[in-house]
Amino acid sequence: MGFLNRLFVFLNLVITISYIVPLAVSQAQAPSPASDSCNGIFLSYAYTSGNAIPPNLKSDPLEQPYRFESTLTILNNGLEELKSWKVFVGFKHNEFLVSASNAVLADGTSLPAKVGNGTVFAGFPSTDLKTAIETAGDVTQMQAQIKLVGTQFGVASPTVPLPSNISLANDGFVCPRSIVQGTNELQVCCTKDANFKSNITVDEEFLPRQNGDLTIMYDVLRTYESNYWAQVTISNHNPIGRLDNWQLSWDWMREEFINSIRGAYPYIVDTRDCILGSQGQFYKEMDFSTVLNCEKRPTIIDLPLTKFNDTNIGKIPFCCRNGTILPPSMDPSKSKSVFQIQVYKMPPDLNRSVLIPPQNWQINGTLNPDYKCGSPIRVSSSQFPDPSGLPSESTAVASWQVVCNITQAKNESPKCCVSFSAYYNDSVVPCKTCACGCPANTGRTCSTTAQPILLPPEALLIPFENRTAMALAWANLKHRSVPNPLPCGDNCGVSINWHVYTDYTRGWTARITLFNWGDSNFADWFAAVKMDKAGPGFESMYSFNGSALEGVNNTILMQGLPGLNYLVAEVNGSNPKKDPRVPGKQQSVISFTKKNTPGINVAAGDGFPTKVFFNGEECSLPSVIPTSRGYRNGFSLSFSVLMAVVVLIWIKQ
């Protein structure tokens with residue numbers, strides 16, 4: 001009986017443990033005990049499960065994919081509400097994130113997405129975490145938990161694929177290095193930075209508006225039970241940034257759809273997702289033939305100028321400019337674009353007070369910089385002039401701000417390039433080989449790595465494919481060797497030549513020439529050059545409007561004169577059967593004084609720009625500048641001539 005009693009006790013113990021263990025797993029959402037000692041923002045990343053998934057790559061274990069499931073926890077144990085929380089997770093195993101509950105990627109990327117270099121999460125739909133004091137310790141309002149599901153590579157059990165680090169990405173906090181708790185969890189406690197000076201007070205309901213290269217306001221103007229009208233305002237704040245033919249996209253997160261738009265239009269008019277989906281089942285009486293777009297991720301484009309006075313889709317201030325948004329340094333009145341949309345909602349959001357902005361915003365243009373946009377942040381309601389004309393202002397029901405900044409994607413090629421030339425050297429340093437990308441299949445036709453061949457000045461006026469004979473003849477004349485195969489072209493739609501024109505005692509001049517090798521005209525074009533040492537000496541520009549750019553050191557902005565602000569496209573030669581095509585071209589001389597730049601050496605490199613921009617896009621620069629062994633500056637040359645005359649007179653005497 002003693003044995004049977006012991007067996008009975010053992011079996012009861014096993015059964016008890018079998019219930020306790022699943023219970024512990026199911027309660028993983030509760031705060032970790034380590035959070036009790038944190039009087040700030042407690043973060044944890046807990047790996048919960050994972051397994052190998054096809055294909056089976058036994059021959060290459062580092063490339064073997066594994067499913068992973070993890071939980072990211074953010075808990076506010078501080079004294080102040082955490083508004084618009086953001087958390088960085090340093091993924092390091094080539095992770096491919098498939099889903100994330102209660103959060104979005106802060107850079108506007110839609111899931112699924114590659115996050116192997118680390119990523120920042122932002123709260124959605126709940127963005128703020130209240131304190132224990134103002135909620136009586138209600139963890140549901142103090143804490144956010146994000147369930148992550150994705151794929152990682154090369155980390156097999158029993159090794160746990162933890163990130164390298166986790167930290168709070170909000171301004172004003174300090175996070176030490178996260179520590180490993182057990183074998184499957186990272187933890188860190190982030191506290192307020194005593195040296196950080198905030199421009200908001202604790203009592204303010206919303207965060208202040210932020211600065212960026214470009215901002216987008218999403219203002220709800222009118223709201224009803226099932227739909228609302230919102231105004232979208234795109235504002236450019238970068239002094240040398242612009243957008244042409246802008247395209248704006250976002251993700252609807254709650255099955256919303258666009259019924260109508262004024263001041264813009266969807267790139268694709270498509271209602272199939274509504275008719276065949278839950279929207280069609282709920283709005284049974286709606287005529288979906290008049291609905292504009294039901295895509296989860298719509299793309300919006302600007303209207304042409306001719307639609308500005310259209311009473312159905314136009315009549316919105318700052319709309320209808322063919323998608324062109326200029327920098328404020330050129331024309332503040334053309335530095336923003338506005339449109340309005342009518343958005344229909346779905347259950348359970350059928351309440352006029354339930355307003356959820358779209359997420360994952362992205363904007364781009366043609367021959368323009370790339371922008372990375374953050375998550376929408378709730379800000380104080382925007383105010384607008386009263387539409388009735390009365391001297392009062394109307395206030396938006398709710399407002400969100402999206403901040404976008406110019407970014408350079410890895411391995412992305414520029415869209416324009418620069419060549420250098422000078423009066424003291426008869427050869428032109430052309431644009432770099434493949435400056436704007438290489439052809440897909442070069443074979444043995446051209447080399448993508450060979451240095452470009454120096455050219456005679458007249459070669460700049462003809463397309464690259466017609467320069468071969470001229471380049472070879474010039475190389476032969478100058479006794480220079482040429483690579484075999486010859487270097488590939490620059491493949492740029494726009495090229496710019498910077499020519500040092502003169503250099504004398506009190507100043508110097510340069511000539512800039514813009515070439516358009518593309519199929520489209522550039523209306524309201526502009527260019528900018530950064531002159532590290534010569535910038536303060538800028539005097540005037542003769543065929544362009546030129547000015548020193550305020551707030552940007554040593555940068556000169558230039559644009560076409562009124563009536564001459566079009567850089568036309570490439571056209572056929574006078575005899576298309578034998579003459580090469582002719583690029584669109586504009587040119588101006590720029591004068592500089594040496595009074596404000598003592599010690600400047602124009603020929604040694606000070607006379608060449610260190611950065612060149614066209615329509616906001618940074619151009620590729622040559623790696624070398626023209627040189628001349630016999631070069632002397634204007635003062636030295638004059639002095640040498642004077643000395644020669646003196647010596648000659650002395651000899652004759």
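What follows is a set of questions and answers about disulfides, aromatic rings, a pocket and backbone geometry.

Modeller: Before you start, this is a predicted model, with local features needing pLDDT of at least 70, side-chain atom pairs counting only at pLDDT 80 or more, and totals for chains, interfaces and linings using all residues. Residues are numbered from 1 along each chain as its sequence is written, and side-chain values use heavy atoms, with hydrogens and water left out.

Biologist: Good to know! How many disulfides does the structure hold?

Modeller: A disulfide is a covalent bond between the sulfur atoms of two cysteines. Here the test is a pair of cysteine sulfur atoms within 2.5 Å. By that test the number of disulfides is 10.

Biologist: Which parts of the chain does the link of Cys 274 and Cys 294 join, and how many residues apart are they?

Modeller: The sulfur atoms of Cys 274 and Cys 294 are 2.0 Å apart, and the link is left-handed, with -105° about the S-S bond. Cys 274 is in helix 4 (residues 272–275) and Cys 294 in the loop between helix 5 (278–282) and strand 18 (299–302). Helices (H or I, at least four residues) and strands (E, at least two) are DSSP runs, numbered from the N terminus. The two cysteines are distant in the chain, with a separation of 20 residues.

Biologist: Is Cys 274 buried or exposed?

Modeller: Buried means under 20% relative accessible area, exposed over 50%, and partly exposed in between (1.4 Å probe, protein chains only). Cys 274 has 0% relative accessibility, so it counts as buried.

Biologist: How many residues apart in sequence are the parts tied together by Cys 416 and Cys 619?

Modeller: A disulfide joins Cys 416 to Cys 619, S to S 2.0 Å, and its -90° about the S-S bond makes it left-handed. Because Cys 416 lies in strand 26 (residues 416–422) and Cys 619 in the loop between strand 38 (617–618) and helix 8 (634–652), the parts tied together are apart in sequence by 203 residues.

Biologist: Is the link of Cys 436 and Cys 492 left-handed or right-handed?

Modeller: The sulfur atoms of Cys 436 and Cys 492 are 1.8 Å apart, and both residues are buried. The angle about the S-S bond is 95°, and the link is right-handed.

Biologist: On to the rings. What kind of aromatic pair do Trp 250 and Trp 252 form?

Modeller: Rings of Phe, Tyr and Trp (its six-membered ring) pair if their centres lie within 6.5 Å; planes under 30 degrees apart count as stacked, over 60 as edge-to-face and the rest as tilted. The whole structure has 21 aromatic pairs. For Trp 250 and Trp 252, the centres are 5.6 Å apart and the planes at 80°, a pair that is edge-to-face.

Biologist: And what is the pair of Phe 257 and Phe 288?

Modeller: Phe 257 counts as buried at 0% relative accessibility, and Phe 288 does at 9%. Their ring centres are 5.8 Å apart and their planes at 45°, so the pair is tilted.

Biologist: Where does the charged end of Lys 336 sit?

Modeller: A charge sits over a ring if NZ of Lys or CZ of Arg is within 6 Å of the ring centre and within 35 degrees of the ring normal. The charged end of Lys 336 is 4.3 Å from the centre of the ring of Phe 318.

Biologist: Which strand gives the largest share of the lining of the second largest pocket?

Modeller: On a 1 Å grid over the protein atoms alone, a pocket is an open set of points where a 1.4 Å probe fits, with protein on both sides within 12 Å along at least five of seven lines; lining residues have an atom within 4 Å of a point. The second largest pocket is lined by 29 residues, with Leu 221, Gln 231, Gln 340, Phe 384 and Pro 385 nearest its centre. Five residues, the largest share, come from strand 13.

Biologist: Last one: what is the phi of Ala 136?

Modeller: Most residues other than glycine have a negative phi. Ala 136 is found in the loop between helix 2 (132–135) and helix 3 (139–142), and is exposed because its relative accessible area is 76%. Although not a glycine, Ala 136 has a positive phi of about 55°.
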